[in-house]
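Welcome! Please take a moment to look over the chain before reading on. The notes below walk through some of its features, one region after another.

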Amino acid sequence: MKEKTLKTLEYYKIVDLLVEKAESSLGKEKAKEVKPLTDIEAIETLQRETEEAYSLLIKRGAPPLFGIHNIGPEARRAEIGGTLTPGGLLKIADSLRVSRALKMYIKETKEDKTSNHPIIEGLVENLRVYKHIEDEINNAIVSENEISDNASPSLRSIRRQIISKNEAIRDKLNSIVNSQSNRKYLQDSIVTVREGRYVIPVKAENRANVPGLVHDMSGSGATLFVEPMAVVQLNNELRELELKEKEEIERILKSLSSLVGEEAEGIVNNQKILQELDFIFAKGKLALDMRATKPILNTRGYINIKKGRHPLLKVERVVPIDVYLGKDFTSLIITGPNTGGKTVTLKTVGLLTLMAQSGLHIPADFNSEIAVFNQVFADIGDEQSIEQSLSTFSSHMVNIVDILENVEYNSLILFDELGAGTDPTEGAALAMSILDHLLKLNVRTIATTHYSQLKIYALTTKGVKNASVEFDVETLSPTYRLLIGVPGKSNAFEISKRLGLSDGIIDYARNLISKENIEFEDVLQALEKDRLAIEENRAEAERYRLEVERLKEDLAREKDKTKEMREKILQKAKEEARTILRQAKDEADTIIKELRTISDIEKDRNRKIQETQDRLKEKLNKAEADVSANILNVKSNKPPKNLKVGETVEVLTFNQMGTVLEEPDENGNVRVQVGIMKINTHISTLRRGKREEEDQIKGSIKNIMGSKSKDIKAEIDLRGKNLDEAFLELDKYLDDVYIAGMKEISIIHGKGTGVLRDGIKGYLRSHKNVKSFRLGKYGEGGDGVTIVEMK
């Protein structure tokens, strides 16, 4: 792509927004190198990367990318046997922590079976974890200027001896300065340090009375800083211990550097992957901010942008536009008033094309289509130059000549005010000639103009389409809507009339225009009225269509539900009937057995038969009653009283919820709406809806929130914790604070090296419940405290 096009379409402002989204300097460097590509397969890969990052950001939140550093120089130095500084080792530990945290982030994502992020998962899979190196460095180094006592037993022992020796020296010197015999020789009763040795301030005239070594003199010469002979040996021993401490620290750093050197290749490879991941997630964050979507790419030169927005305009204020080009026509001519949005439309199409070809999502509706072009050319804006003696027309023409010389088959060309800045007749003729030339080359072209001749050209030329930006004459303001297929009408007379210009002047102006032009403008006005009416009718028809579709779907769902319910009732009835028949059969078998045991005595036999017959009849009557009770007549234990129209009830015979349509009659029958069915049922088969249970649940939620607000403090102290421990505690604390409804809290992290403070800043920046945060002011704790405002 030509550099001039990228600047004209403000592409580098998009790059700047992308750079801001990267967490590390490495990610920012890669973001700065973004350029539009022309290979559709490479672009598709970049788009899938952005899509995966976008999906993960929505599902899992921001990944743990804070702490990525450029550790290449440190790794190479360690690899050749060099010793790294504490700061360099901490940078390596930070990068190793990020690699490990990303592994955990993706592991939790993979547990979701619906997750599908092969590109990012593949990159994270290639990251190597060096937990032992990370732990060794964090255990040994506190900050860039401090090595921990835990670094080695020898270092701890030496430092204890240093502390003991310091105390012995200070005790000896304190006894000297506090001595009545020596106090008169001293300038001050204090102990200080010169050249790493403990000394006392002695008056110059009393030098001979205090034996020792002179290490320094005050500016006036009145005070000598003397190391008394009594502590010379102790100071020498202290100096030896300090040298041993330094040697031990160098040994520890050398050992840690050796560990890094052994894995230098893997650590450097981790850095490259982390840079790539930071860049990919920066694209996802930008898409999230812009409410962007993944475009459908093609090589057919077809553009179909749905509800497209200029990415540099505020989402809340911009009016989305629909633009399509390249299927039924290859050239689009846009007309309309100034400040109506013509130039913004050009820039939107051009910039969205460049963004899509750079692997970025575009701020448009789903399923928007973007063509992949070999070249995008733009002649937008007034570039007249006094130094080069170029007028507005000349500057445009220089650009157009350059475009026509470099244009190739698969190109997109954007012209703003084509042919403007010169005689209208000649300008219009030139514009038509240029458009015709590009039309024959089958190049995709969008041009804006005020010339009526170009409107007629678009109406009469195959492959060219008119479009206009809508203007509301009533309010004298543009609506910024783009209307394809409708040429723009000149509103000069209507606007002038509404602004108060006299009718006589306007009528005379009309007479000065040719009859053909007036008729053409009248036709355009009639077309515009028809278009508005058709659009209104179409919108109403669409509303009816959607309502019918919704009703059809509701009917289908209710039909399926009724069928399923009917099958369940029949199945239940069959099972219960089978059980009843089985019981009746068992009873009959029992009766037959008893009949066989009857003796030949006629009297006894008749009595026995009568008894068993009565028993069988009783059993059958009971079975019939059970069928009626269990299948056909489900009753409520507590029938509802005082039912009102609109109340929600449960219909027990259908096991469905319904709405009361009519109050119960004198027989207790109620009309109820169940889904799409209206049924009459007895009040005894109904049960009131469970509103009371819902009220109880809401009450318990309020109680939980109330107890939270009582237990949660307005501050949390994270001093002395590493980043992982701090993040765990802070995450739970912020959730509790949010539930409790607290608006402002304090996080105490101390000043220290700033690692914990910066880590907490990065964490808060991406937390969904945090509105804003700042460092504490004087009286609040200063840089050692972060004040957080919750949403």
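How many bridges join strand β17 to strand β18, and do they run parallel or antiparallel? In this predicted model, the two strands run antiparallel and 4 bridges join them. Strand β17 covers residues 648–651, and strand β18 covers residues 656–662. If you look for Val 649, you will find Gly 658 of β18 standing opposite. Together β17 and β18 make a hairpin with 4 residues between them. In that turn, Asn 655 has a positive phi of about 55 degrees.

Strand β18 also pairs with strand β19 (residues 669–674). Here 3 bridges join the strands, and they too run antiparallel. This is again a hairpin, with 6 residues between β18 and β19. Its turn holds Gly 668, whose positive phi is about 90 degrees.

## A look at Thr 659

Thr 659 is a handy landmark in strand β18. Its bridge partner in β19 is Gln 673. Gln 673 is also on the contact list of Thr 659, which, leaving aside neighbours within four places in sequence, reads Gly 646, Glu 647, Arg 671, Val 672 and Gln 673.

## Helix α12

Now move to helix α12, which takes in residues 264–290.

Just after α12 comes Arg 291, which takes a positive phi of about 55 degrees.

## Aromatic pairs

How many aromatic pairs does a search of the whole structure find? The search finds 4. One of them is Tyr 11 with Tyr 12, an edge-to-face pair at 5.8 Å centre to centre, with 70 degrees between the planes. Tyr 11 counts as buried because its relative accessibility is 1%, whereas Tyr 12, at 25%, counts as partly exposed.

Another edge-to-face pair is formed by Tyr 105 and Phe 281, with centres 6.4 Å apart and planes at 80 degrees. This pair links distant parts of the chain: Tyr 105 belongs to helix α6 (residues 86–110) and Phe 281 to helix α12, 176 residues apart. Tyr 105 is buried at 6% relative accessibility, and Phe 281 is buried too, with a relative accessible area of 1%.

## Charges over rings

Arg 60 lies over the face of Tyr 105, at 4.9 Å from the ring centre.

Where is His 361 found? This residue is in the loop between α13 (342–357) and β11 (369–371). With a relative accessibility of 4%, His 361 counts as buried.

The side chain of His 361 makes a polar contact of 2.9 Å with the side chain of Gln 47. Not counting residues up to four places away in sequence, His 361 touches several others, including Thr 50, Glu 51, Ala 287, Pro 295 and Met 355.

## Positive phi away from glycine

Most residues other than glycine have a negative phi. Lys 307 has a positive one, near 50 degrees. Lys 307 has its place in strand β8 (residues 303–308), and it counts as partly exposed at 41% relative accessibility.

Asn 442 is not a glycine either, yet it has a positive phi of about 65 degrees. Which elements lie on either side of the loop that holds Asn 442? The loop runs between α15 (424–440) and β14 (444–449). Asn 442 is partly exposed, with a relative accessible area of 29%.

Notes:
Residues numbered from 1 in each chain as written. Heavy atoms only, no water. Expected span 1.5 Å × (residues − 1). Phe/Tyr/Trp six-rings, centres within 6.5 Å; stacked < 30°, edge-to-face > 60°. Buried < 20%, exposed > 50% of the residue type's maximum accessible area, 1.4 Å probe, protein only. Lys NZ or Arg CZ within 6 Å of the ring centre and 35° of its normal. Pairing = 2+ DSSP bridges. Polar contact = N/O pair within 3.5 Å; in protein donor to acceptor, adjacent residues only side chain to side chain. Contact = heavy atoms within 4.5 Å.
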